[in-house]
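Please look over the sequence and the model below. This short report takes up a few parts of it in turn.

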Amino acid sequence: MNLNMNSMESLVAQIQGLSGSIADVNQLHSLLKQSEDLFHSELARLAPLLTELDPSIHSLGYLYILEACTSAPISKEQANELVLSVARFINLCAAEQIRLAPDKFISVCKRFKDQVMLLEDPMRGVAPMLTALRKLQLSSEHLTTLHPDFLLLCLLGKCYKTGLSILEDDIFEVDQPRDFFLYCYYGGMICIGQKKFSKALELLHNVVTAPMSILNSIAVEAYKKYILVSLIHLGQFSISFPKYTSSVAQRNLKNFSQPYLDLVNSYGTGKISELETCVLANNEKFEFDKNLGLVKQVVSSMYKRNIQRLTQTYLTLSLQDIANTVQLHSAKEAEMHVLQMIQDGEIYATINQKDGMVRFLEDPEQYKSCEMIERIDSSIQRIMMLSRKLTDMDELLSCDPLYLAKAGRERQRFDFDDFDTVPSKFTI
Amino acid sequence: MASSSSSGLTFKLHPLVIVNISDHYTRIKSQSLPPPTTPHTASASNGAAADSSSPPPPPPRVFGCVIGVQRGRTVEIFNSFELLYDPSTHSLDRAFLEKKQELYKKVFPNFYILGWYSTGSDAQESDMHIHRALMDINESPVYVLLNPSINPAQKDLPVTIYESELHVIDGIPQLIFVRSSYTIETVEAERISIDHVAHLKPSDGGSAATQLAAHLTGIHSAIKMLNSRIRVLHHYLLAMQKGDIPCENSLLRQVSSLLRRLPAIESEKFQDDFLMEYNDTLLISYLAMFTNCSSTMNELVDKFNTAYDRHSRRGGRSAFI
């Protein structure tokens with residue numbers, strides 16, 4: 001026992017000594033990897049050691065000890081303390097050091113998240129999780145395993161805006177496919193919460209069409225929400241999958257979402273009454289999937305869709321006529337709907353309250369303003385960056401031996417314009 | 001040999017003369033001739049190549065006459081023509097000169113022979129000989145010298161105008177060359193043609209892409225020059241404001257009059273039209289970027305499918321044209 005005590009002390013001393021330069025830290029890292037069993041055997045004594053170390057300088061050592069501490073089962077009283085200490089560590093730690101041991105850091109953060117959820121206070125975990133995420137990321141285009149956990153905390157704590165800030169970043173690198181699925185699914189839900197339906201549609205579309213070898217439940221749930229959001233935002237839903245969807249998804253997803261497909265059919269008729277009967281029929285299923293809120297939004301979007309269809313036929317219409325065509329109860333309700341739509345920018349109209357007439361107008365955007373110039377300019381910049389990335393990927397793929405082998409095999413024996421003997425396959 | 005002229009004459013040089021001299025020199029140089037002593041020949045030789053065994057001959061000097069108008073104290077040099085140089089007598093071919101003079105008189109009755117030109121880096125002693133010979137046609141001829149060596153660092157034109165003056169050196173009155181300043185004067189037609197000549201590129205400028213690129217490069221360099229000049233002015237005004245440089249009111253007046261000339265057009269309609277056209281151009285570039293991106297993406301997807309897709313088509317891929 002004494003021996004172990006001494007070795008722990010010496011280890012702590014080494015952590016304190018070797019946290020200076022990068023070479024030292026690498027050496028420390030290998031040392032710590034060897035001493036892992038020591039940590040796990042001395043769990044009881046680890047907590048006081050933490051006080052001797054400074055998380056901002058000795059981040060790597062602190063991380064190892066903390067990880068060993070959290071691996072033991074924690075009681076409810078200790079949970080609060082643990083949450084506080086982990087949050088403090090995350091805020092203070094040095095990013096370069098923890099990137100040397102990413103899996104340890106991830107497991108610490110995951111346990112942190114579990115504790116926070118146990119304490120039923122997910123909002124406490126949002127800010128530390130965000131910091132942890134940013135420190136673990138290699139660049140803003142990197143999707144880590146912490147992303148879906150963070151989004152989950154945002155969803156549970158109802159801090160949608162913070163979640164949105166992460167969703168703005170474009171993703172180019174993914175660590176694990178499962179992270180990607182969860183990230184897009186939770187991200188879609190956050191966007192729905194913030195009523196940003198186009199982004200939600202994009203994210204859910206990514207989940208549904210992502211390559212998968214076997215069906216997973218994330219995709220099934222995402223497909224259901226995808227149908228609903230598509231109805232709300234676009235007013236229609238096409239049953240056929242795009243060509244790049246995996247065959248697994250194409251074959252199986254529809255089997256799990258029959259009530260939703262019925263909803264699509266009744267939406268297509270354009271009659272509120274049919275839609276409502278369909279909703280009532282499948283009420284329990286919608287409630288079971290926790291999609292009832294979305295379904296209600298689908299119903300209200302039906303009114304919007306019908307009013308929008310009216311703009312294509314009529315130039316002026318009275319509020320009473322609108323109410324009748326769209327099957328609303330009164331002209332007052334019609335006025336409220338139209339007003340809301342004008343505010344949201346979904347139609348362009350003026351309401352004349354004296355005689356209750358609505359005049360539908362054209363889109364007043366003339367594309368002559370400086371703001372439009374800035375918008376187009378920023379879009380051009382984005383697309384230039386994307387084009388650069390694509391060219392890089394293209395070049396990378398051209399050097400891929402797998403590609404070269406197959407390309408060489410398919411090449412014609414004689415080239416078109418020169419008749420030298422061309423090798424028909426590349427031997428690499 | 002060259003100090004400032006004190007004759008008080010103002011010289012105006014037309015760019016046609018400069019282009020003529022340069023053209024003459026280039027033609028003769030490209031028809032480069034077997035060395036011995038003849039510096040040049042004005043007749044059209046049959047493109048005899050230089051003798052490769054001897055060291056490359058020094059670039060030949062070309063000679064000719066400049067003609068123009070002298071009104072009072074202003075000497076305006078309009079045109080020039082080539083002349084033969086006779087190395088044996090170190091003088092220009094007189095008979096030819098007179099014949100040419102007659103011919104030019106018929107077309108341009110106002111033009112007189114004002115002097116002569118040559119190429120080289122500096123005026124030489126032998127030039128004085130030629131200069132004196134011309135003095136009987138024009139009592140004070142001008143000597144236009146073009147320096148054919150290309151110096152990219154040099155900002156000014158490599159053309160110098162010399163006059164002859166009688167100076168007393170070591171007690172002996174001698175004619176020496178003195179430098180005069182000159183300005184460039186153009187007629188509109190001249191400006192257009194010179195502009196056109198200046199933009200001729202040695203490569204084929206036929207395809208639309210290179211023409212567009214050349215046009216845009218020209219605009220870009222013009223804007224860059226404008227920008228640097230405005231920056232100089234701005235810097236100067238700031239220094240004046242801070243007090244580092246004493247206030248110079250005449251300059252300030254000039255700057256303020258310049259600024260009052262801008263903006264040239266200021267109206268609602270112009271703003272609208274301008275922004276609309278600007279937006280249209282931006283949209284077109286956006287569309288072009290989109291197409292570019294889609295084409296790259298298509299190639300990438302083709303490659304990816306070839307490499308990784310198990311269900312790819314056998315026997316030839318369809319190319320994206």
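## One arginine and its partners

The backbone oxygen of A:Gln137 lies 3.3 Å from a polar atom of the A:Arg99 side chain. This model is predicted. Where is A:Arg99 placed in chain A? The residue sits in the loop between α7 (95-98) and α8 (102-118).

A:Arg99 touches A:Lys135, A:Leu136, A:Gln137 and A:Leu138, leaving aside residues up to four places away in sequence. Take A:Leu136 from that list. A:Arg99 and A:Leu136 are 37 residues apart in sequence, yet their C-alpha atoms are 6.2 Å apart in space.

Is A:Arg99 buried, exposed or partly exposed? Its relative accessible area is 33%. Buried means under 20% and exposed means over 50%, so A:Arg99 counts as partly exposed.

## The nonpolar cores

Nonpolar side chains tend to be buried together in soluble globular proteins. In this model, the largest nonpolar core has 119 residues. Those with the most contacts inside this core are A:Phe39, A:Phe105, A:Leu146, A:Tyr223, A:Leu263 and A:Ile322. Helix α14 (residues 217-234) of chain A gives the largest share of the core, eleven residues.

Now pick out A:Phe105. Not counting residues up to four places away in sequence, A:Phe105 touches A:Leu63, A:Phe89, A:Cys93, A:Ile98, A:Ala132, A:Leu136 and A:Leu146. A:Leu136 is also one of the residues that A:Arg99 touches.

## Chain A as a whole

Chain A has 23 helices and five strands. Of its 428 residues, 44% count as buried. The accessible surface of chain A comes to about 23,200 Å². Carbon and sulfur atoms account for 54% of that surface.

Consider the contacts in chain A between residues at least 6 apart in sequence. Of these, 65% join residues at least 24 apart.

## Where the two chains meet

A:Asp394 forms a salt bridge with B:Lys303, with the closest N and O atoms 3.0 Å apart.

Methods:
Residues are numbered from 1 along each chain as its sequence is written. Chains are lettered from A and ligands numbered from 1 in the order in which they are written. This is a predicted model: local features need pLDDT of at least 70, side-chain atom pairs count only at pLDDT 80 or more; totals for chains, interfaces and linings use all residues. Side-chain values use heavy atoms; hydrogens and water are left out. Helices (H or I, at least four residues) and strands (E, at least two) are DSSP runs, numbered from the N terminus. Buried means under 20% relative accessible area, exposed over 50%, partly exposed in between (1.4 Å probe, protein chains only). Contact means heavy atoms within 4.5 Å. A polar contact is a pair of N or O atoms within 3.5 Å; within protein, one must be able to donate a hydrogen and the other to accept it, and residues adjacent in sequence count only if both atoms are side-chain atoms. A nonpolar core is a set of buried Ala, Val, Leu, Ile, Met, Phe, Trp, Tyr and Cys residues joined through side-chain atoms within 4.5 Å. Accessible areas come from the Shrake-Rupley method with a 1.4 Å probe; for residues, only the protein chains shown count as cover. A salt bridge is a side-chain nitrogen of Lys or Arg within 4 Å of a carboxyl oxygen of Asp or Glu.
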